[in-house]
Amino acid sequence: MAQPDTKKIFFENLSGTGKAIAVLTSGGDAQGMNAAVRAVVRMGLYVGAKVYFIHEGYQGMVDGGENIEEASWESVSSMLQVGGTVIGSARCKEFRSHEGRLKAAHNLVLQGITNLCVIGGDGSLTGANLFREEWSGLLTELVDQGLIEADAVQKYSALHIVGMVGSIDNDFCGTDMTIGTDSALHRIIEVVDAIMTTAQSHQRTFVLEVMGRHCGYLALVSALACGADWVLIPEMPPEDGWEDKMCQKLSATRSRGTRLNIIIVAEGAIDRHGTPITSGIVKDLVVKCLGFDTRVTILGHVQRGGTPSAFDRILASRMGVEAVLALLETTANTPACVVSLRGNQSVRLPLMECVQMTQEVQRAMDGKRFEEAVKLRGRSFENNLRTYKLLAHRKPESELPVSNFNVAVLNVGAPAAGMNAAVRSAVRVGISEGHKMFAVSDGFEGFYKGQIREIKWADVGGWTGQGGSLLGTKRTLPAKHVEKIAEQMRMNNINALLIVGGFEAFLSLLELITARGKYDEFCVPMVMVPATVSNNVPGSDLSIGADTALNAITTTCDRIKQSASGTKRRVFIIETMGGYCGYLASVGGLAAGADAAYIYEEPFDIKDLQANVEHLTEKMKTSIQRGLVLRNENCNENYTTDFIYQLYSEEGKGVFDSRKNVLGHMQQGGAPSPFDRNFGTKISAKAMQWVTKKLTETFRQGRVFANTEDSCCLLGMRRRALVFQPVVQLKDETDFVHRIPKEQWWLKLRPLMKILAKYKTSYDVSDSGQLEHVIRNRPKESDGSVAM
């Protein structure tokens, strides 16, 4: 007899009744903290607990009084899109003293609070753990001083702590991304993109200083995202003589016709001897050695400000819900944990293991063990550094391996932001591996027409920040033109194909595999990198372009909701793209704080629509002024956007009025997000390295011959790893009629959106974070972490 799923059964009986949970933000602020606070409050109330705000971080806990305030559902409305932290954050010297912590304990006991959710950096979390360890002793002291009754020691015997890391620096070990990092990268890349236009006009060099006193993550990833000429970070100081090498690199770039140079400096950058390297020093060096017109831009607190990105809102919402679940499951013997992200999964890790690993990084840097410091930062950081070096620094021709292989790159399907970053990465890695790279214009339509040209290193300079597809892309499938395509493969001696595209690219590979039986030209290594805003490619949890589309949806929804501020109650019906895939509507709904999202994968009828209208009507009467409903374009052929709009308009009469908006192709346009630039860059680099390996393996008797299933693969993100999967084996996982995978991970996020919108629903916690341990060296496949 099958064993029941204990986690699911546990949640059905899960109750926070009688429990009190307090949430606080401490240390530096970070975009997305408000989304985390909102999720903690609403999930806490959902399970029946009392939830409290602690204003001004630990200072508020020490001062007590009005700083500890009971939270309601309505008190966290309209805060999802607000940057910073609305409950305040402050550094508190008093809490570092025993007397301060004694006051804090007294204030918590007065409210019956024994569950703390702390959102902050490693210092804040370390302080919380110390507080937890001292808790029973503090209560005994309070009894001795006559401040609390003796029975309170037994009643409030244990303090439970769960942490979430809010830090724009991404300097905490154990998690791929901290809350706020993605938004900070958005601010940096917005500035870099703006600076590039003025720099090109005047042929200038710009030195940008970004935050990161002890961690170079922001500098490194923004350098990768914008294709910077040079980057200086504290974990990997440049070798002695770096000044001459940097100037040679800048000069060589200019000599190839480039009109600008970008140098990114982390504020904590040092040389091998520990001497600080400031943006001013770098500027003076460039002016002195090269005479280039050079400017410095110090971004400062701009990086902390602004609206949180879609990624940070979703991350913080997931982490907040997970934190409440962790608090409800904790026992007196459970160690304090921190909720982390690995790949696209939430996990729980022992708080002090993560803190100790983070402190080890600093000790390694202080001891000038820089290679060790990079490794301790994690596989994602290490992989970012390796990829940057591979793409930014061109080896001399004499040092390049000679492979004599020709590799063609093409885009297939609809355009997606980040495609150009993927092509740039493929071309430069291919050249570094010794291949001759060819660009095919307009997909397979251009292929059979012979629109093929060799593409060089400099040809893809500046491509990372460009939206759309610079190569040109079409939805044309190869089957009708397979003979002409084979002829072009033969004429240009193409030995491998790298395709960047969406569902059409997947179908194309299946057609080319079939054609192998008739045409030997297709018996070559072929690999696909998924790129589509719809995120509907089987074999991959994420596609290049989907994050940019989500940010477009989220930003637009924010503006649409704001348009109704100060007016009467209003509900907006928003139609999103995605074909039959509801990813954009569902995850966009979670990021924008939608009340409902209608998708094909979750069938609905008129009764569901009526229930949603009644639910919104009830909320409108009591609290909220604006409602948001998202609809996937193909969710139902009868319940169209117009139908839903008319239904809400009619049924909401006297309570709210309705407006509709079809977002359309704005979801495909615009500059790619930092996530898509980096995801495209890293996944494409990995794909090209696979091509090199396969070419070597299949080269026999003077020719390449690859006809096995594993020589035609899709490289996709699966949970925590990038995995190469033969496309033939993905057929069983695919609904070809509706062009979607049969199983989609993000469907588990839908109940989360409903809970946060005040619906009663069942929440599957079978995939909820389990307590794991910090791993020093993760499996190699996880190099391609989803978290940039």
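The following conversation covers the cores, pockets, cysteines and a few individual residues of a predicted model.

Visitor: Which residues touch the most other members in the largest nonpolar core?

Guide: They are M164 and I264, in a core of 190 residues. Please keep in mind that the model is predicted.

Visitor: And where does the largest share of this core come from?

Guide: Helix α11, residues 310-329, provides that share with 13 residues.

Visitor: What is I264 in contact with?

Guide: If neighbours within four places in sequence are left aside, I264 contacts L208, V210, A219, S222, A223, C226, A228, W230, V231 and L232.

Visitor: How many residues are in the second, separate core?

Guide: That core has 48 residues, and A20, Y52, V109 and V361 are among them.

Visitor: How do the residues of the lining divide into nonpolar, polar and charged?

Guide: The lining of the largest pocket has 21 nonpolar, twelve polar and 15 charged residues.

Visitor: How much space lies in the second largest pocket?

Guide: The second largest pocket holds about 1,000 Å³. Its lining is made of 40 residues, with G28, R91, G121, D122 and G123 nearest the centre.

Visitor: Which elements give two or more residues to the lining of the second largest pocket?

Guide: They are α5 (122-144), β6 (205-210) and α12 (351-366). The largest share, five residues, belongs to α5.

Visitor: And by class, what does the lining of the second largest pocket have?

Guide: Eleven of its residues are nonpolar, 18 are polar and eleven are charged.

Visitor: Changing topic: how many disulfides does a search of the whole structure find?

Guide: The search finds zero disulfides. For C337, the nearest cysteine sulfur is that of C354, at 9.4 Å. A disulfide needs the two sulfur atoms within 2.5 Å.

Visitor: Is C337 buried or exposed?

Guide: C337 counts as buried because its relative accessibility is 6%, and the cut-off for buried is under 20%.

Visitor: What about C523, where is its nearest cysteine sulfur?

Guide: C523 is also in no disulfide, and the sulfur nearest to it, that of C712, is 11 Å away. C523 is buried, with a relative accessible area of 2%.

Visitor: Which residue has a positive phi of about 55° although it is not a glycine?

Guide: That residue is N170. N170 sits in the loop between β5 (160-165) and α7, and it is buried, with a relative accessible area of 8%.

Visitor: And which one has a positive phi of about 50°?

Guide: That is Q701, which is not a glycine either. Q701 belongs to the loop between β22 (699-700) and β23 (703-704).

Visitor: Is Q701 buried or exposed?

Guide: Q701 is exposed, because its relative accessible area is 83% and the cut-off for exposed is over 50%.

Visitor: Where is A597?

Guide: A597 is part of strand β19, residues 596-598. With 5% relative accessibility, A597 counts as buried.

Visitor: What does A597 touch?

Guide: Not counting residues up to four places away in sequence, A597 touches A585, S586, L630, R750 and M753. A597 and L584 are separated by 13 residues in sequence and by 9.6 Å in space, from C-alpha to C-alpha.

Visitor: Finally, where does F292 lie?

Guide: F292 is in the loop between α10 (279-290) and β9 (294-298). At 17% relative accessibility, F292 counts as buried.

Visitor: What is F292 in contact with?

Guide: Leaving aside neighbours within four places in sequence, the contacts of F292 are T205, L250, S251, R254, N261, V286 and V287.

Visitor: How many residues apart in sequence are F292 and D595?

Guide: They are 303 residues apart in sequence, and their C-alpha atoms are 54 Å apart in space.

Conventions: Residues numbered from 1 in each chain as written. Predicted model: local features only at pLDDT ≥ 70, side-chain atom pairs only at ≥ 80, totals over all residues. Heavy atoms only, no water. Core = buried A, V, L, I, M, F, W, Y, C linked by side-chain atoms within 4.5 Å. Buried < 20%, exposed > 50% of the residue type's maximum accessible area, 1.4 Å probe, protein only. Helix = DSSP H or I, 4+ residues; strand = E, 2+ residues; numbered from the N terminus. Contact = heavy atoms within 4.5 Å. Nonpolar A, V, L, I, M, F, W, Y, C, P; charged D, E, K, R; others polar. 1 Å grid on protein atoms, 1.4 Å probe; cavity = no way out; pocket = protein on both sides within 12 Å on 5 of 7 lines; lining within 4 Å. Points joined across faces, edges and corners; volume = space filled by probe spheres on them.
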